[in-house]
Amino acid sequence: MLWGSRTHRAAALLVAWLVAATVVTGCSGSSGGGRPGSFPVNGGELADLLEGEPISEPGDFADAPATPTGVPDLEQTKDLSTAGGSRPDAEAFAVEFLHLIVDTREETDVDEMVDELVAEDADPNTVAFFETNLARKVGSEIQQVWRTDEESWIRTQVAGDANQPDSVSVEVAFTLSLDQSDLGSWVTHRIDLVRDDDAWLVTEVTFRFLDFPPDDGTSISQALDGGGWRAIQSG
């Protein structure tokens, strides 16, 4: 089990830096490179992955997708985007998309990811994060990884038809760590999706840190807030 006590907080801050880099001044939503409405991207400008709100009305579902296996695969994630319009289809895509943006061990074409998997009217700060901070992390010497050998949990909120929703918010709680390291931190990422032209597209991604476990043997499930959480099955 990762993280035996609060004394590891200093090391957790290193992982926090990997999740959301500190804001570099100069970013402002307007014209410039990138997608319409995105932040201009040039020089040293970076954008944070913002801390967001938890899902307010998670559904009461019994099934759950599997955790990712291996390294992220953009083509596989693109296939899942168009695989189907159900809530389970959306969850499967959200999990693979999350793997794509938090596991930086493998080179990913961030521009292609944004062009094909992110909605045109997506949150500008999320797009800016992909185009700056994420693009610089991928393939770097400091690599972060979703620890799928540890517990992962998911909950989902749907809008519209329960079987074929118009939009879905998926929140995933998991352990994020440095590759080949026992240091890790418990986080949740919320991925908001919209169904557009028979594809699931990302409109916003935010994150939150869960409370650090106070004692050895504490499970991430004890740190989860609210209801609707389901264990993600090992992939």
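This is a predicted model: local features need pLDDT of at least 70, side-chain atom pairs count only at pLDDT 80 or more; totals for chains, interfaces and linings use all residues.
1. The expected span of a helix is 1.5 Å times one less than its number of residues. With 14 residues at 1.5 Å a residue, α5 should span 20 Å. Its end C-alpha atoms are 19 Å apart, which agrees.

2. Helix α5 covers residues 124-137.

3. How many of the residues of α5 are buried? The count is 11 of 14, and the helix is mostly covered. Among the buried residues are N125, V127, A128 and F129.

4. T126 has a relative accessibility of 2%. The cut-off for buried is under 20%, so T126 counts as buried. Which residues does T126 touch, leaving out those up to four places away in sequence? They are E204 and V205.

5. Now the whole chain. The protein chain holds 5 helices and 6 strands. In what order do the elements run from the N terminus? The order is α-α-α-α-α-β-β-β-β-β-β.

6. The protein chain has 235 residues, and 51% of them count as buried. Take the contacts with a separation of 6 or more: residues 24 or more positions apart account for 72% of these. The accessible surface of the chain comes to about 10500 Å². Carbon and sulfur atoms make up 46% of that surface.

7. Then the charged pairs. Side chains of opposite charge can pair when their charged atoms come close. A search of the whole structure finds 14 salt bridges. One of them joins E112 and K78, with the closest N and O atoms 2.6 Å apart. E112 lies in helix α4 (residues 110-117) and K78 in helix α2 (residues 74-81), so this pair ties together parts that are 34 residues apart in sequence.

8. Is K78 buried or exposed? At 15% relative accessibility, K78 counts as buried. E112 counts as partly exposed, at 22%. K78 also forms a salt bridge with E116, where the closest N and O atoms are 3.5 Å apart. This pair again links distant parts of the chain: E116 is in helix α4 and K78 in helix α2, 38 residues apart. E116 is partly exposed, with a relative accessible area of 41%.

9. A further salt bridge brings together the side chains of D225 and R155, at 3.7 Å from N to O. What parts of the chain does this pair tie together? D225 lies in the loop between β5 (199-209) and β6 (230-231), while R155 lies in strand β2 (residues 153-160). The two parts are 70 residues apart in sequence. D225 is partly exposed, with a relative accessible area of 30%. R155 is buried, with a relative accessible area of 2%.

10. Salt bridges that share partners join D63, R87, E91 and R230 into one network.

Technical notes:
Residues are numbered from 1 along each chain as its sequence is written. Side-chain values use heavy atoms; hydrogens and water are left out. Helices (H or I, at least four residues) and strands (E, at least two) are DSSP runs, numbered from the N terminus. Buried means under 20% relative accessible area, exposed over 50%, partly exposed in between (1.4 Å probe, protein chains only). Contact means heavy atoms within 4.5 Å. Accessible areas come from the Shrake-Rupley method with a 1.4 Å probe; for residues, only the protein chains shown count as cover. A salt bridge is a side-chain nitrogen of Lys or Arg within 4 Å of a carboxyl oxygen of Asp or Glu.
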